[in-house]
2 protein chains.
Amino acid sequence: MGSLDGFFVPKSIAIIGASRDQSKIGHVVMRNMVEGDYKGKVFPVNPNTSQILGLKCYPSVTKIRERVDMAVISIPAELVPKALEECGRKGIKNVIIITGGFKEIGNNELEKKLIDIAKKHKIRVIGPNCLGVFDPDSGVDTVFLPRYKLARPKGGDISFITQSGAVGSVVIDWMARKGYKMSKFISYGNASDVDEADLIEYLINDKKTKVICAYFEGVKEGRKFFEITRKFAGKKPIIVLKGGTTSAGTKAVSSHTGSLAGSFEVYSAAFRQAGIIQATDMEELFDYARTLSSLPKPKGHRVQIITDGGGFGVLLTDNIIKDGLSLATMTEEKVEEMRKKMPAYVVLKNPIDLTGDADSERYQYAITAAIEDPNVDMIGLIVLLQVPRLGGEIVDTIINAFKTSQKPIFVVSAGGDYTEVLKKTLEDIGIPTFSYPQSAAKAMKVLYEFGMETKNDKKCKKNGKK
Amino acid sequence: MGSLDGFFVPKSIAIIGASRDQSKIGHVVMRNMVEGDYKGKVFPVNPNTSQILGLKCYPSVTKIRERVDMAVISIPAELVPKALEECGRKGIKNVIIITGGFKEIGNNELEKKLIDIAKKHKIRVIGPNCLGVFDPDSGVDTVFLPRYKLARPKGGDISFITQSGAVGSVVIDWMARKGYKMSKFISYGNASDVDEADLIEYLINDKKTKVICAYFEGVKEGRKFFEITRKFAGKKPIIVLKGGTTSAGTKAVSSHTGSLAGSFEVYSAAFRQAGIIQATDMEELFDYARTLSSLPKPKGHRVQIITDGGGFGVLLTDNIIKDGLSLATMTEEKVEEMRKKMPAYVVLKNPIDLTGDADSERYQYAITAAIEDPNVDMIGLIVLLQVPRLGGEIVDTIINAFKTSQKPIFVVSAGGDYTEVLKKTLEDIGIPTFSYPQSAAKAMKVLYEFGMETKNDKKCKKNGKK
């Protein structure tokens, strides 16, 4: 079978079902590809019209004279097999079928037809019943929802694969709002050919992807999936949010995608064995992803907290302990250094409480000391921007700290619009931020554990084991 | 001792330490009171200047001829006792002391002085070491952080008391951003006189407050606190986020406020006994508060889910079951009614999956059926706005549903800017929204349990018990 590259960096795309009617999926996909960042050639295919968005329209892909790398199909279900057959005859090796109305509504026979045609022509198929692919770098974007309703994130290094189109569309939109960045997005629907295992294998070898996130309700072939994930365990973080973890949820799955969710306990144990990180909700999924993509691995579990608000320091302390990490005890030398530079009422314990009249300079002294102190593995940096003496310059202080630190720094900041603007500035340059002490502590734990696992993995490989 | 009313609806306020210097707390408080919504008289007090913001300045409160209901003190700690003594001589019965530098840094003696003066003159004191009071209705606002950095929420029915100024300032700012509405805010700092028990008792009897939220690390007088909360259990929801729930957190508390946090297990058990709802983070605290202030109590725990995205339906199902609630089974009659009005591919089970081409009309059919169906106690309404046929009119559909329904409806909606704008519109008119299935399910559970408790409480009282 062919490579999956054709889905992400095709030099030419045929859009089967392209339309002049703005309410049609085929129109929105055309518009995304023509007016967006995609640089390759676009061939609209529709027997009933001659031109769409200024481009010549073809009655069939077989009538296109130039080479076509990928096709996107959005036409009624019963017409899809014929269109796929024509793709095969044209020599197109990658096809995204957006159309629904196959296995997910019990129409197994029609889906079987697609699979047979794809096999015959060695076509790799994503879908049917999916949103397809969004790749901010190449500009491929088959997500058929208009950008005013569903914003698109900028290019980055987090990839996301999803069985559910609804979860996928929310994730794209939400990442864009938060300033989180995306490498590749794939909504694969019924997984008639390309499934979660194929995609994970592809993304593990994809240079632009640093972290792989996934939402699914069940896996198509358990053995294949776990073989692949175990094989690459520790190479790149894989974080999974699984739907259908209760028996009622499993029932809901079966009427949703027609797939079998299977017992959560079985999955959960297998995930752990394969080194897969499990998230319990969407927010957690992306907290972990941003952490693992941006922060260096810690050498241990000792956290130094720096705060300008005592209450937030207390909440972070509680959560660090609850999650099995520990508080650092800084060396006397470093405490003494800070003592000389700061007012007497600053509390130089753990948490370090810079108090409500903290300014950027005071933050910098504390951060530098924590970075240099051998007793500190991670830094929990609480920055409440409501205080009077803290302005935009704290952003530079934080950026500098990130540049110089080999230790992971977790920025916690919460509030209103002013705070959100500064947080988005940090996200934009790749510094993850957290709104709540609880979320930061969980992310610390995951980063620590992933670091330990990678270390063990390397040790095992050194010893000739796997 | 005097009433606490004087803190929230004073007809005249003296600001001791009022200043022309914009960087001073006394200046920001002056500005809040003069340029904000406060309608009463403001008297700046400062011996070194004659006029501030166009108002005549007095060298001491004793020189003001008119009646003064409340004073706000923001001058160096060592000068506070004298100023408080003068307040006493002037007959002022309510004083907020913003100044820090007392018990929280070990200066117990200076704090004792304040307490003695307050007792002698029967003054009620909030503070020292606090932000004081914000009441959007009366316009009293001693929160000394400028509005461009820390926005203020609109008037509503959720009150929030906090020991920590930092947590308090984040909460105000964050509520404003989210469109959540506030009745009264009190940051009470060291609680030298007015403590959490006094404030809770006051807010239970306050007509504008429907739900009481609190952040504290310890209570000043455990017996008094639990007597009051037990006495009023079930009358109004009280939701507490407690800092210092681990032994390390407790230590952090002691260097923060100098108060004793006490064992979390002991607190937790006492909270349960007193009918207090416990939140584990800020987001949960306000999810519960908005739910309890806006939604009717359910008759049971059977939830009907309505969604336009299968994946989100699955996630909500999982969380409902995990939280001990159950899925409703609608009557055949209602399912039949819906069946007649909707396309065949709409899944009329639980969840009802209206699918990605849902429009407002389809939502309305499903919501109406669920409201009318005797087998349904609560409705989980997932509205993913990214889908093509759903526009702003869904807001009217939801508002109408809220007007007609005696059952609680939990709106779940997630995404980017477009979604957030529509969610804020709903929040503005008092309809709580949730971003994640997990949060909605937790809120359902809390509403159900509080409803049951109130019912039991009424039953007990009927039977002559308490």
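Is Ile105(A) buried, exposed or partly exposed, and how many C-beta neighbours does Ile105(A) have inside 10 Å? I began my notebook with this residue, and I noted at the outset that I was working with a predicted model.

**Entry 1: two loop residues**

I first found the place of Ile105(A), which lies in the loop between β6 (94–97) and α4 of chain A. I then looked up its surroundings, and with 16 C-beta neighbours inside 10 Å, Ile105(A) counts as partly exposed, because a residue needs 20 or more to be buried and 12 or fewer to be exposed. I also looked up the separation between Ile105(A) and Ala191(A), which are 86 residues apart along the chain, and their C-alpha atoms are separated by 14 Å.

**Entry 2**

I traced an open sheet of seven strands in chain A, in the order β9-β8-β11-β10-β12-β13-β14, and I wrote down that the pairing is mixed. At the edges stand β9 and β14 (277–279) of chain A, each with a single partner strand, so one side of each is left without a neighbour in the sheet.

I then followed some of the pairings. Strand β8 (residues 132–135) of chain A pairs with strand β11 (residues 182–187) of chain A in the antiparallel sense, over three bridges, and here Val133(A) has Ile186(A) of β11(A) as its bridge partner. With strand β9 (residues 140–141) of chain A, β8(A) is joined by two bridges, and these strands also run antiparallel; in this pair Phe134(A) stands opposite Asp141(A) of β9(A). The hairpin of β8(A) and β9(A) has four residues between the strands, and I noted that Gly139(A) takes a positive phi there, near 85 degrees.

For a parallel case I looked at strand β12 (residues 211–216) of chain A, which is joined to strand β13 (residues 238–242) of chain A by five bridges. In this pair Tyr215(A) has Leu241(A) of β13(A) as its bridge partner. I reminded myself that strands of a sheet pair through backbone hydrogen bonds, either parallel or antiparallel.

**Entry 3: helices side by side**

How do helix α3 (residues 80–90) of chain A and helix α4 (residues 108–121) of chain A cross, and within what distance do their axes come? I found that these axes come within 9 Å and cross at roughly 5 degrees, and α3(A) and α4(A) are therefore roughly parallel to each other. Among the residues that make the contact are Leu84(A) of α3(A) and Ile117(A) of α4(A). By class, the residues of this contact divide into six nonpolar, two polar and three charged.

In chain B I looked up helix α12 (residues 332–341) and helix α13 (residues 360–372), whose axes come within 10 Å and cross at roughly 170 degrees. I concluded that α12(B) and α13(B) are therefore roughly antiparallel to each other. The contact includes Met338(B) of α12(B) and Ala366(B) of α13(B), and by class it has four nonpolar, no polar and four charged residues.

**Entry 4: a covered helix**

Helix α6 (residues 196–204) of chain B is mostly covered, since seven of its nine residues are buried. Among these buried residues I listed Leu199(B), Ile200(B) and Leu203(B), and also Glu196(B) and Asp198(B). The buried residues of α6(B) pack against β10 (155–162), β11 (182–187), β12 (211–216), α7 (222–231) and β13 (238–242) of chain B.

**Entry 5: the two chains together**

I finished with the interface, where 64 residues of chain B are in contact with 64 residues of chain A. Several elements of chain B give two or more residues to this side, including α5 (165–178) and α15 (417–428), and α11(B) gives the most, with ten residues. The residues of this side of chain B divide into 29 nonpolar, 23 polar and twelve charged.

I then laid chain B on chain A, which takes a turn of 180 degrees and a shift of 0.0 Å along the axis, and gives an RMSD of 0.0 Å. The two copies are thus related as by a two-fold rotation axis. In chain B, the C-alpha nearest this axis is that of Glu283(B), 6.2 Å from it. Lastly I noted that the same surface serves both copies, with 100% of the contact residues of chain B recurring in chain A.

How values were computed:
Residues numbered from 1 in each chain as written. Chains lettered and ligands numbered in written order. Predicted model: local features only at pLDDT ≥ 70, side-chain atom pairs only at ≥ 80, totals over all residues. Contact = placed C-beta atoms within 7 Å. Nonpolar A, V, L, I, M, F, W, Y, C, P; charged D, E, K, R; others polar. Pairing = 2+ DSSP bridges. Least-squares fit on C-alpha atoms with pLDDT ≥ 70 in both. Axes fitted to C-alpha atoms, helices over the stretch in contact; angles between N-to-C directions. Parallel < 35°, antiparallel > 145°, perpendicular 65-115°, else oblique.
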